Amino acid sequence: MKTEINYLNCSKGLKSWLFTHDHKRIAILYLIGIAISFLLGGVFAMAIRLELLTPDQLIVSSKVYNQLFTLHGAIMVLLVIIPAIPGIIGNFILPLMVGAKDVAFPKLNLWSWYFYMAGVLLSLYHLSTGAVDTGWTFYTPYSISTNTSVITVVTGAFLVGMSSILTGINFLATIHMMRIKEMGWFKMPLLLWAFYATAVIQIIATPVLGITLLLLVMERVAHIGIFDPALGGDPVLFQHFFWFYSHPAVYIMVLPAMGVISEIIPTFCRKKIFGYKFIAYSSIAIALISFLVWGHHLYVSGQSAFASMAFGLLTFIVAVPSGIKVFNWIATMYKGAIDLRSPFLYVLAFLVLFTIGGLTGIINGTLSLDLHLHDTYFIVSHFHYTMMGGVLIAFIAGLHYWWPKMFGKMYSERLARITCGLLFLGFNITFISQFILGTRGMPRRYHNYLPEFQSLHIISSIGAFIVGLAFFMMLYYLIDSLFRGKKAPNNPWGGTTLEWQASSPPVTENFDQTPEMRELYKYKSKDEL
Amino acid sequence: MKDNTLDSFWLPEPISKIALHSDKLFYVELWGTCLILFAIVALLIYFICKYRITSKRRVACNQNDHNNKLEIAWTIIPTIVVLILFFWGAKDFLSLSIPPKNSMEIKVTAKKWMWTFEYPKANKQTVGELVVPINHPIKLIMSSQDVIHGFYLPNLRIKRDVLPNRYTVLWFQAEKIGEFQIFCAEYCGDAHSNMLATLKVLSTDDYNKWVKQSEENVINEIPLNELGRKLYKSKGCSACHSTGISKMSGPGWGGLFMSKKQLENGDDVVADENYLRESIVNPADKIVKGYPSIMPTYSGMLNDREIDAIIEYIKTLNEQK
Amino acid sequence: MSSTFTKKHHVAHHFENADQEFKTCKVGMWAFIVQEVLFFSALFVAYAVFRGFYPDMFEHASSLLNWKLGFINTIVLIFSSYTMVKAVKSAQLSKQKSCVNYLIITFICAGIFMVIKYFEYTAKIHHGLMPAEWFFASSEYPTLHLFFGLYFTMTGLHGLHIIVGMGLIIWLIKRAKKGEFHKEYFTPVEMVGLYWHLVDIVWIFIYPLLYLL
């Protein structure tokens, strides 16, 4: 039987990968880099949960513990959650979905990956010169005075930021200019609206992180003093600059995730998405309003009550469009024809976990309640529900949805279902206990804690180990599919977007024949199931 | 925290009316969250059961893809709900943030890794312990001597960052006698999780007695090594020194007395009474090799008997070895 | 005179035609310009915040800068933006020689800017008017180093962008000499032109804020 030529086997050798301009290969390169980062961040998480089984020191000292939580946060936020969906799914699927041969700027795309890997390598390297212990938020003046390798890791973060900006520029230009003729703005899949809104944020917000990190380096090297109170500076200014990026950053994370969900649900319900226009508009609205709410991270920072109130009001307003998307998705399921295969199971997990994350965000955003909850485990749990239960699960759903397209293989549906259940169970055990720890007053970033918190910590750690197990299972069945998986058809799930017209896996030029525009989200009963 | 019997499942015991009132909004939002979650989960389960794909029905029959009335309704109603919650929270926030005019001012100083309190009216200073009278508004004026710290009183539901070179303000009125937990809530380095303190709420009479009483009288009543043990916790030594041999920010006290120590400059010393006293009052002078020179001086913060007490306590830790 | 020879431009394989290629590059370039503006904007915010904290110190500090040299630099940069516009126009009209010449003049202007910058910097270093790590001037204003921290960061970052621009212009000159730019294809010239105007505009904000006010 003749093996078809596709983007994976068309050329061999390390060089053909490391110098590729093919967006699909670049997506796989990102997958490898992000998987390595996720593994590292995950190991740190397991170490943290192991240490926290007892109130006092178990396996590491306070100093090392502080490095562990700093690195877990920095790696997961900057090297995994922010780049994952754009870098892997965006890079692979976006050009296929618009019907193009590649992104607008393929060489720039490769450079995005180089910058990302440079960031990964610098972060790995700095572990040997004094891993940072500042918390991933790098608040001054502690980050100015600590004698750990802040400059190295901050340079890595700067490069990863450049990677994100270049990806945003590429995606913006691709979606804006390279859709096939018949695909007007309101005929394009919602994933593209999501990536477009994300690109706007990547372009506007990320440079502010860049300059903030640069200024932190200037503080350490030249003592410019703007963030150092001993020199007449203001440490709260650092917080404002930092969160001006980092709050929109969570929408860089979540908008693509919502886009993925908006693609999988109609396909697996064999029904048009409910409220297409609203979802499209709300993506742009969220992108814009997200720039106005950063101060809700600073309610107790010493900023004026007036500022806190203004940010609080805007925070509540931005919650509404995000919440409503959940209604739209559920309404799509109403009277649908629901296919419960694994991508959709992960979507169901997302719907529950993201809802919990969003609603607890309302609780934190409430001014009076945040005075009690800020910097406690309640916050930790909230952001794990949104970033992990939300974004990461959506990424996993997307990875499973497009896996047959990317690799031409089907993974074990049975193992995927078991893993999904295990992950959902373990995740909730881990983090519901942390909500309770938080409301009971347990502060975050604590190596030692009062004995009365121990039982909840033990429960949380057990949940975390279950989560770890689930991820190892996932790693196993996904890699196994590459070798022993059944050959995937072009359109295993019956999707209507253009990428399903390419072969699985696609040829380097993406389409054997010019793709035909079908009516978006219109499913025919004779589609293969 | 000290007496947990009146804590509820979710929250520690509130010890002020304002805290109790603030909890109402928490429970409204908590149960609202649970209700919405339950409704969503129920709907999901119902839909996946009822609308499961079958060989007969492979496409949704109803391709209704929008309903303007419904979408407007489910935009407006949540917006209204959310605005109500916002204004309620803002109102509570203002009463939690604005100190009354007759508040008693206490100065809080944070430094790695201990809390010191100065009482201008009472002309006293305490370390690791905030002493207040019941039913009197207290205004804390806080600043840090090094990095950003956070002052957190869970039983009063209040928290504020403590900044270097600036003052931040927090106020409360404690309405129950007892001892309550204070945490540092803003990550500040190695011993952040050990930077604890205690809120001591006294009856008006006891408070007045405390103000009048000089430290000497109280302290003279307790045997030295017992006093030392109390001071170990209350003066912040426990933040950096273990009572065994484990290394924290500072050397462990287990087996310390009369042991040989090598200093940073290469000299050898024996940790006798003089060495221990010097380490308390002038810590930067003789730093044990392998440890950072970060211990703050206790000069002026401990009187002679207290220093003696700590030394005696350290001696008892030899026997435990 | 029209060009002696022109090198035919091959549209990149993933674009449908030259027009799509050009328009897409423009979208991408403008997006890049927006992010550059945001990059500098935080510095301007820091400037505003600290000017608010220490207004007298700022007024005094700006008198320590050489406004005349800064003014010359401003004129030089504005002129270089003009020559850059002429270079783009020449390429659009397939006027190869004048395109190259205008690019060279732009490059020289940038060089003059950097030379003047060099003199300004060495003077400040000599007088110890530096960020706190290297500050040794005596002054009645204890926070004077804050101004110079901002001064060096803002002008230094801007200077870095000038240097990158000079590199880009050399690249354009090389390609223009080979006849690569003509009325069918002048995209790189136009894109670098946009970048150069940005660098000019940033300076037009820096100069009055730091030197004059």
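Let me start at one residue. Setting aside neighbours within four places in sequence, A:Phe242 is in contact with A:Thr137 and A:Thr212. Contact here means that the C-beta atoms, placed from the backbone, lie within 7 Å.

A word on the model. It is predicted: local features need pLDDT of at least 70, side-chain atom pairs count only at pLDDT 80 or more, and totals for chains, interfaces and linings use all residues. Residues are numbered from 1 along each chain as its sequence is written, while chains are lettered from A and ligands numbered from 1 in the order in which they are written.

Back to A:Phe242. Helix α8 of chain A holds this residue. Helices are DSSP runs of H or I, at least four residues, and strands are runs of E, at least two, numbered from the N terminus. Is A:Phe242 buried or exposed? A:Phe242 counts as buried because 23 C-beta neighbours lie inside 10 Å. The cut-off for buried is 20 or more other C-beta atoms within 10 Å; exposed is 12 or fewer, and partly exposed is in between. As for A:Thr212, 30 residues separate it from A:Phe242 in sequence, yet the C-alpha to C-alpha distance is 6.5 Å.

Now the A–C interface. Here 31 residues of chain A are in contact with 26 of chain C. On the chain A side, α6 (150–177), α7 (190–222) and α8 (235–269) each supply at least two residues. Which helix gives the largest share? That is α7(A), with 9 residues. By class, this side of chain A has 22 nonpolar, 7 polar and 2 charged residues. Nonpolar covers Ala, Val, Leu, Ile, Met, Phe, Trp, Tyr, Cys and Pro; charged covers Asp, Glu, Lys and Arg; the others, Gly among them, are polar.

The other pairs. Of the 2 pairs of chains that touch, A and B have the most contacts. Chains B and C do not touch, and their nearest C-alpha atoms are 13 Å apart.

Chain C next. It has 6 helices and 0 strands. Its C-alpha atoms fill a box of roughly 65 × 30 × 25 Å along the principal axes. Of the 213 residues in chain C, 38% are buried. Among contacts in chain C with a separation of 6 or more, 76% join residues 24 or more positions apart.

Last, chain B. In chain B, 13 residues of domain 2 are in contact with 12 residues of domain 3. That side of domain 2 has 5 nonpolar, 3 polar and 5 charged residues.
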